[in-house]
Amino acid sequence: MTKMNDVMALGAKETIDTTLLKNHTYFLSGTIDEDSIEPVIRWVMYENMMEEEGKVLTLYINSSGGGLYDAFALVDMMRKSAYPISTVGIGSVCSAAFVIFAAGTKGHRYMSENTSILSHQFTGDTSGKYHDMISGMKENEYANERMKKVLSESTGLTEKAVKAKLLPPSDVWLTPAEAVALGAADHIF
């Protein structure tokens, strides 16, 4: 009976995923990494090849974060989209997931009232020979500067304000109302 339940569950998941995609909707959940971001990028590319007047893409996000470089790849694709991308934060929108969420089309960024939101400076590490560590630190600084720029463009805050309010030395936990007040979200539902 377990095998039959597994087959039925797989069929239900495929039906749900197909229905979501037909409605221009994708659900990003779990760790932000190459494996989770690649299908989202494919989805944005596919949707942009299929012309439909008035289409809005909807990206639901529930993630505790992950790789900033992977987030940057998706943010770049989102910015190139011919269609608005509505981001919907549910559960947890933290770290790299927060960068993706904020990069949604202004006016189309929604947070559920119970969403936990975390913003913080880039976390990286370096090891190896002294010169390699210097080079790694340079890239870490560059990544942090790019994140500051993305958040500035997404929120309307100056880069100085982003550094003070969203990327100070300590983690910043936000309520959905605070995210709206800072320009990182537009609506609470």
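Serine 81 sits in the loop that links helix 3 to strand 3, where helices (H or I, at least four residues) and strands (E, at least two) are DSSP runs numbered from the N terminus. The model described here is predicted, so local features need pLDDT of at least 70 and side-chain atom pairs count only at pLDDT 80 or more, while totals for chains, interfaces and linings use all residues. Residues are numbered from 1 along each chain as its sequence is written, and side-chain values use heavy atoms, with hydrogens and water left out.

With a relative accessible area of 14%, serine 81 is buried, a word that stands for under 20% relative accessible area, whereas exposed stands for over 50% and partly exposed for what lies in between (1.4 Å probe, protein chains only). The side chain of serine 81 reaches the backbone oxygen of tyrosine 83 at 2.7 Å. When neighbours within four places in sequence are left aside, serine 81 is in contact with Val44, Asn48 and Leu57, contact being heavy atoms within 4.5 Å.

## Parallel strands and their crossovers

Strand 2, made up of residues 57–63, is mostly covered, since five of its seven residues are buried. Strand 1 (residues 25–29) pairs with strand 2 in the parallel sense over five bridges, and two strands are said to pair if DSSP finds at least two bridges between them. Within this pairing, threonine 25 has threonine 58 of strand 2 as its bridge partner. Between these two strands the chain passes through helix 2 (residues 34–49), and this β-α-β crossover is right-handed, in the sense that, with the strands pointing away from the viewer, the path from the first strand over the helix to the second runs clockwise.

Strand 2 is also joined by six bridges to strand 3 (residues 85–94), and these two strands run parallel. Leucine 59 stands opposite threonine 87 in strand 3. From strand 2 the chain crosses through helix 3 (residues 68–80) to strand 3, again in a β-α-β crossover that is right-handed.

Helix 3 has 13 residues and reaches 18 Å from its first C-alpha to its last, close to the 18 Å expected at 1.5 Å a residue; the expected span of a helix is 1.5 Å times one less than its number of residues. Its buried residues are Leu68, Asp70, Ala71, Phe72, Leu74, Val75 and Met78. The buried residues of helix 3 pack against strand 1, helix 2, strand 2, strand 3, helix 4 (96–102) and helix 5 (130–155).

For helix 5, with 26 residues, the span should be 38 Å at 1.5 Å a residue, and its end C-alpha atoms are 37 Å apart, which agrees. Among the buried residues of helix 5 are Gly136, Asn140, Ala143, Met147 and Leu151. The buried residues of helix 5 pack against helix 3, helix 4, strand 4 (109–111), strand 5 (116–119) and helix 6 (159–165). Just after helix 5, glycine 156 takes a positive phi of about 85°.

## Salt bridges

The structure holds eight salt bridges, each being a side-chain nitrogen of Lys or Arg within 4 Å of a carboxyl oxygen of Asp or Glu. One of them joins arginine 42 to glutamate 38, with the closest N and O atoms 2.2 Å apart. Because arginine 42 and glutamate 38 are four residues apart in helix 2, about one helical turn separates them. Arginine 42 counts as exposed at 54% relative accessibility, and glutamate 38 counts as partly exposed at 39%.

The side chains of lysine 55 and glutamate 47 also meet in a salt bridge (3.0 Å, N to O), and both of these residues are buried. Another salt bridge links lysine 129 with aspartate 132, the closest N and O atoms being 3.9 Å apart; lysine 129 is exposed, with a relative accessible area of 59%, and aspartate 132 is partly exposed, at 41%.

## Positive phi in two loops

Most residues other than glycine have a negative phi. Histidine 24, however, has a positive phi near 60°; it lies in the loop between helix 1 (2–22) and strand 1 and counts as buried at 14% relative accessibility. Serine 95 likewise has a positive phi near 60°, lies in the loop between strand 3 and helix 4, and is buried, with a relative accessible area of 17%.

Methods
A polar contact is a pair of N or O atoms within 3.5 Å; within protein, one must be able to donate a hydrogen and the other to accept it, and residues adjacent in sequence count only if both atoms are side-chain atoms.
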